[in-house]
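Student: I have a model open and would like to learn how to read it. Where do we begin?

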Amino acid sequence: MTTDRHASPALANPLLKVRDLNAWYGESHALHGVSLDVGEGETITLLGRNGVGKTTTLRAIMGILRKRTGQIEFAGRDLMQMPLHRTAHMGLGFVPEERGIFSTLTVDENLLLPPVVSKGGMEVEEIFELFPNLKERRNSPGTKLSGGEQQMLAIARMLRTGVKLLLLDEPTEGLAPVIVERIGEVLSTLKKRGMTILLVEQNFRFASRIADRFYLMEHGRITADFPVAELDQRMAVLHEVIGV
Amino acid sequence: MTMIFGIPIQAFLGQLLVGLINGSFYAMLSLGLAIIFGLLRVINFAHGAQYMLGAFVGFLLLSYLGIGYWPALILVPLIVGVSGMVIERLALSRLYDVDPLYGLLFTFGLALVIEGAFRYYFGVSGQIYTPPPQLSGGTNLGFMFLPNYRGWVVIASLFICLGTWLLIEKTRLGAYLRAATENPILVQAFGVNVPLLLTLTYGIGSALAGLAGIMAAPVYQVSPLMGSNLIIVVFAVVVVGGMGSILGAIITGYMLGLAEGLTKVFYPEASNIVIFVIMAIVLLVRPAGLFGRDA
């Protein structure tokens with residue numbers, strides 16, 4: 001991947017292409033014309049303060065938030081009119097901020113729940129190599145796991161399905177540094193295997209290790225787009241805007 | 001004559017059996033209600049009408065087409081289940097986005113329409129449905145005389161409840177169902193066709209009511225009112241067991257049937273209200289129900 005490709009705001013042939021995305025929660029206008037591109041194999045991080053619309057962007061792309069206008073294309077296919085349960089079959093996997101582990105399902109059942117949408121997903125054994133903790137707790141109810149284990153399970157269960165793009169919402173939030181480290185390793189492994197990742201993250205240091213490019217969001221808009229190489233020189237501005 | 005607590009043992013066991021039979025129907029019906037409520041959040045007031053429909057479809061199959069009890073055990077749940085799916089697609093599915101009260105009102109109205117239609121054509125007097133020859137007669141158990149058909153109902157209902165429970169707890173479809181009960185949006189975002197799952201679930205719940213209906217036909221008379229008499233008790237069972245709890249619905253169904261039978265032995269005057277007294281106590285002490293989770 002070349003840096004000049006990163007520098008151009010619009011990729012020639014992005015896997016995910018979002019143009020002028022507007023979204024509403026009831027009457028509240030949350031996204032004001034978000035445009036972004038995610039190239040195949042890229043890892044993109046959305047930065048921004050709480051409440052600027054990062055989670056909303058992911059939910060609108062996935063189609064969980066239906067009150068939306070604009071253009072969303074994935075691998076050349078229009079996602080706007082697609083029913084929610086078809087979107088995953090296009091190759092999008094969603095890992096929500098609250099993790100969404102089911103308490104009435106065991107770890108195994110949680111892991112096997114999302115249907116396989118295309119070839120190329122990992123085998124269960126491969127997943128357990130990546131997450132040995134989960135293997136030991138296969139038969140425990142999903143919500144008996146620790147927060148870190150639940151986050152790993154939330155990521156792990158999308159790996160079986162053969163999705164091409166992972167939408168990850170704050171995977172390190174509230175987790176101990178050693179667990180954050182582990183999740184970083186896992187995401188690097190996925191990246192090496194060619195997974196495309198759109199990440200919402202507050203933790204700069206974590207994000208800078210895996211991200212190729214950043215989008216900065218303010219008040220429901222994208223206000224900056226820069227490659228990881230420019231992160232250091234922009235740090236002062238970012239600290240001011242994000243306030244961390 | 002052997003006595004137990006000052007009651008002849010025959011009378012005691014006889015009432016216990018009646019309680020167990022009633023409990024079998026309570027369990028099958030409350031199970032369907034619990035499944036439907038768990039996923040759809042609809043309090044299915046049409047459940048009694050669907051039970052009655054099951055008995056009548058069995059009766060009509062026999063009287064007009066000569067189709068007997070055994071094939072009816074398959075056909076009736078299919079017919080009632082499919083009619084349930086049509087109702088869900090055409091009407092109930094349009095009510096999920098509004099207050100749950102609308103679902104309750106709709107199914108309540110639907111029950112009145114179905115029961116009214118059958119009353120119009122068949123009157124209120126009961127029709128007789130004779131048990132199949134293989135299950136007629138009875139067996140002398142030494143301490144009491146057991147009509148074979150009633151023994152069959154108890155055993156079959158146990159298997160039906162167990163089978164449904166296994167379907168929900170041990171299969172992939174069941175895992176979808178449990179997950180969608182917790183978080184339908186996320187399950188749909190994973191690529192599961194949740195609207196179809198809802199239709200299927202209402203179909204399974206209705207089919208269970210229909211199956212209970214055809215099994216009840218030889219025990220109780222086939223009458224347009226048979227469902228409305230039973231449904232109130234079944235709602236009490238669901239409340240005692242805990243709304244939406246599958247295992248709770250099954251166990252409470254049998255338990256309250258037995259409690260009703262025992263009350264008939266010791267204090268017959270209270271037998272019609274004992275279930276509601278238990279319901280009131282449970283609601284006071286443990287509002288989520290015996291097997292329910294606190295919300």
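The dialogue below goes through chain A, its sheet, and then chain B.

Tutor: With the ground rules. This is a predicted model: local features need pLDDT of at least 70, side-chain atom pairs count only at pLDDT 80 or more, and totals for chains, interfaces and linings use all residues. Residues are numbered from 1 along each chain as its sequence is written, while chains are lettered from A and ligands numbered from 1 in the order in which they are written.

Student: What is the secondary structure of chain A?

Tutor: Helices (H or I, at least four residues) and strands (E, at least two) are DSSP runs, numbered from the N terminus. Chain A has 10 helices and 10 strands.

Student: How does the radius of gyration of chain A agree with a compact globule?

Tutor: The radius is taken over C-alpha atoms, and the globule rule is 2.2 Å times the number of residues to the power 0.38. For 244 residues the rule gives a value near 18 Å; chain A has 17 Å, so the two agree. Its C-alpha trace spans about 45 × 40 × 35 Å along the principal axes.

Student: Which residues of α2(A) are buried?

Tutor: A residue is buried if 20 or more other C-beta atoms lie within 10 Å of its own, exposed if 12 or fewer, and partly exposed in between; C-beta atoms are placed from the backbone. In chain A, 45% of the 244 residues count as buried. Helix α2(A), residues 54–62, has eight of its nine residues buried. They are K54(A), T56(A), T57(A), L58(A), R59(A), A60(A), I61(A) and M62(A). Just after the helix, G63(A) has a positive phi of about 95°.

Student: What is the order of strands in the six-stranded sheet?

Tutor: Strands of a sheet pair through backbone hydrogen bonds, either parallel or antiparallel. Here two strands pair if DSSP finds at least two bridges between them. The sheet is open, with mixed pairing and the order β6-β7-β8-β3-β9-β10 in chain A. β6 (92–95) and β10 are the edge strands, each pairing on one side only.

Student: Which strands pair with β9(A), parallel or antiparallel?

Tutor: β3(A), residues 43–47, runs parallel to β9(A), joined by four bridges. There, I44(A) stands opposite R213(A). β10(A), residues 221–227, pairs with β9(A) in the antiparallel sense over six bridges. Y215(A) has D225(A) as its bridge partner. β9(A) and β10(A) form a hairpin with two residues between them, and H219(A) in the turn has a positive phi of about 50°. β9(A), residues 213–218, has five of its six residues buried.

Student: What pairs at β6(A)?

Tutor: β7(A), residues 165–169, in the parallel sense, over four bridges. G93(A) has L166(A) as its bridge partner.

Student: How do α5(B) and α10(B) cross?

Tutor: Two packed helices are described by the angle between their axes and the distance between the axes. Axes are lines fitted to C-alpha atoms, for helices over the stretch in contact, and angles run from 0 to 180 degrees between N-to-C directions. α5(B), residues 148–170, and α10(B), residues 246–266, have axes that come within 10 Å and cross at roughly 170°. The two are therefore roughly antiparallel; angles under 35 degrees count as roughly parallel, over 145 as roughly antiparallel, 65 to 115 as roughly perpendicular and the rest as oblique.

Student: How many residues of chain B are in contact with chain A?

Tutor: Contact requires C-beta atoms, placed from the backbone, within 7 Å. By that rule, 14 residues of chain B are in contact with 18 residues of chain A. α6 (172–182) and α7 (184–189) of chain B are the elements giving two or more residues to that side of chain B.

Note on methods:
Contact = placed C-beta atoms within 7 Å.
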